[in-house]
Amino acid sequence: MIKAEIEDKELKNHLDSLEPDKLRIFMLAEGRIRGALFHGTRFVNQLRAQHKLGILETYILGQAALCSALTIPMMKDLEHNVVKYECMGPAEGYSIEADSKGYVRGYLYNEHIPVNEPVEGWNLKKFLGSGNLTFSRVHQDDKYPQSSTVDAEGENIAKDFAFYFAQSEQINTAFNSSIQFDKKGRVIGAGSMYLQVLPKTGGTAKLGSQVDSHQEETEEEQHLLQKVENAFNACPSLGQIYSEKGVTSKDIIIGLFREFSPVITVERDIIFDCPCNEDTYFQYIKNLPKNQLDDFKKNGPDPLEIVCRNCGSVYHFPLSKLSLS
């Protein structure tokens with residue numbers, strides 16, 4: 001990827017004052033609940049710079065990318081996920097790829113969404129609308145991806161992700177994502193979080209073997225899960241919180257879930273990045289059919305321009321370099 005520079009000095013100074021972007025995995029209630037919190041302010045700013053997006057486009061693609069980043073700690077070994085939303089709204093949908101190595105890339109199907117009236121609130125129904133949300137997973141040794149699709153409303157991307165996990169994965173999962181803009185339309189804070197109820201089976205062989213996976217929650221367990229859900233729903237805007245200097249992810253996790261003995265188990269980097277490079281595209285062009293190469297030689301353009309759809313990187317190839325002139 002050709003990394004786009006963030007040139008706004010005021011924004012850069014603000015980003016420098018914030019806690020570094022990190023994803024933190026944590027456990028609650030002695031392992032019954034797993035969660036992850038991702039501070040992604042720089043992440044969303046890089047996404048925006050790569051694709052040169054406006055406010056609305058940044059909000060939609062940023063939300064989708066923040067939620068997709070949360071699927072990385074759910075991956076097993078080397079895995080690659082593609083999340084696609086296809087709809088009839090003017091945004092047309094999005095495609096996001098998340099890799100277990102820690103990078104996320106993706107794009108909107110329409111990066112210039114027409115807005116014919118003032119936008120009130122952040123309900124995305126009029127821009128996305130009802131559509132199909134598809135998760136495709138590729139493990140290291142898989143020949144073909146494993147895909148599953150659900151119908152989604154397109155009003156709130158985090159809720160669409162939660163609905164997918166409830167319907168397709170049969171896992172009770174809650175998602176929350178938020179992006180904060182300042183008065184000039186800069187992204188000054190961004191973050192996402194999920195909580196997932198883990199099955200009672202598993203863990204140690206002694207305990208796991210004693211529990212029926214189909215056993216219903218006891219009244220006490222239901223009360224615990226309801227309290228955790230209430231704490232999750234009480235979370236203020238993550239984007240607004242992360243826009244404030246001095247705030248740390250540890251503060252957020254402990255502040256929300258202190259009652260449930262939170263333990264942060266893993267911290268890792270997640271970045272908006274793309275494995276594309278000049279050599280890959282050069283070889284692709286060189287291997288095009290001869291008649292197409294001859295057409296380039298005769299009609300140009302010179303240089304050839306290739307834009308990576310996933311990250312917006314622009315590569316130029318003079319015909320002389322390709323031995324076509």
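How many residues in the lining of the largest cavity are nonpolar, polar and charged? The lining divides into 3 nonpolar, 3 polar and 3 charged residues, where Ala, Val, Leu, Ile, Met, Phe, Trp, Tyr, Cys and Pro count as nonpolar, Asp, Glu, Lys and Arg as charged, and the others, Gly among them, as polar. The model is predicted: local features need pLDDT of at least 70, side-chain atom pairs count only at pLDDT 80 or more, and totals for chains, interfaces and linings use all residues. Residues are numbered from 1 along each chain as its sequence is written, and side-chain values use heavy atoms, with hydrogens and water left out.

**Cavity**

- The search of the whole structure finds 1 cavity of 30 Å³ or more; a cavity is a set of points, on a 1 Å grid over the protein atoms alone, where a 1.4 Å probe fits but cannot get out.
- The volume of the largest cavity is about 30 Å³, taken as the space filled by probe spheres set on the points, with grid points joined across faces, edges and corners.
- S17, L18, E19, H39, Y242, E244, K245, G246 and V247 line the largest cavity; a lining residue has an atom within 4 Å of a point.

**Salt bridges**

- The whole structure holds 13 salt bridges, each defined as a side-chain nitrogen of Lys or Arg within 4 Å of a carboxyl oxygen of Asp or Glu.
- One of them joins R186 to D8, with the closest N and O atoms 2.7 Å apart.
- R186 lies in the loop between β8 (173–181) and β9 (187–197) and D8 in the segment before α1 (9–16), so this pair ties together parts that are 178 residues apart in sequence; helices (H or I, at least four residues) and strands (E, at least two) are DSSP runs, numbered from the N terminus.
- R186 counts as buried at 11% relative accessibility, whereas D8 is partly exposed at 29%; buried means under 20% relative accessible area, exposed over 50%, and partly exposed in between (1.4 Å probe, protein chains only).
- D8 and R186 also belong to a network of salt bridges that links D8, E10, D182 and R186.
- E19 and R24 form another salt bridge, at 3.6 Å from N to O.
- E19 is buried at 15% relative accessibility, and R24 is buried at 8%.
- R42 pairs with D21, their closest N and O atoms being 3.1 Å apart.
- Because R42 lies in helix α2 (residues 41–51) and D21 in the loop between α1 and β1 (22–28), the pair ties together parts that are 21 residues apart in sequence.
- R42 is partly exposed at 26% relative accessibility, while D21 is buried at 12%.

**Helix α2**

- Of the 11 residues of α2, 10 are buried, so the helix is largely enclosed by the rest of the structure.
- The buried residues in α2 are T41, F43, V44, N45, Q46, L47, R48, A49, Q50 and H51.
- K52 follows α2 and has a positive phi, near 55 degrees.

**Nonpolar cores**

- The largest nonpolar core has 68 residues, of which I60, Y94 and F175 touch the most other members; a nonpolar core is a set of buried Ala, Val, Leu, Ile, Met, Phe, Trp, Tyr and Cys residues joined through side-chain atoms within 4.5 Å.
- Helix α3 (residues 55–69) gives the largest share of this core, 9 residues.
- Leaving aside neighbours within four places in sequence, Y94 is in contact with residues including L61, A64, V83, Y107, L133, I157 and F161; contact means heavy atoms within 4.5 Å.
- A second, separate core has 21 residues, among them F232, I241, I253 and F257.

**C311 and L304**

- C311 sits in the loop between β12 (304–307) and β13 (314–317) and is buried, with a relative accessible area of 0%.
- Apart from neighbours within four places in sequence, C311 is in contact with M1, Q50, H51, F272, C274 and C276.
- L304 is in strand β12 and is buried at 6% relative accessibility.
- Setting aside neighbours within four places in sequence, L304 is in contact with I285, F296, Y315, H316, F317, L319 and L322.
- L304 and I285 are 19 residues apart in sequence and 9.4 Å apart from C-alpha to C-alpha.

Technical notes. 1 Å grid on protein atoms, 1.4 Å probe; cavity = no way out; pocket = protein on both sides within 12 Å on 5 of 7 lines; lining within 4 Å.
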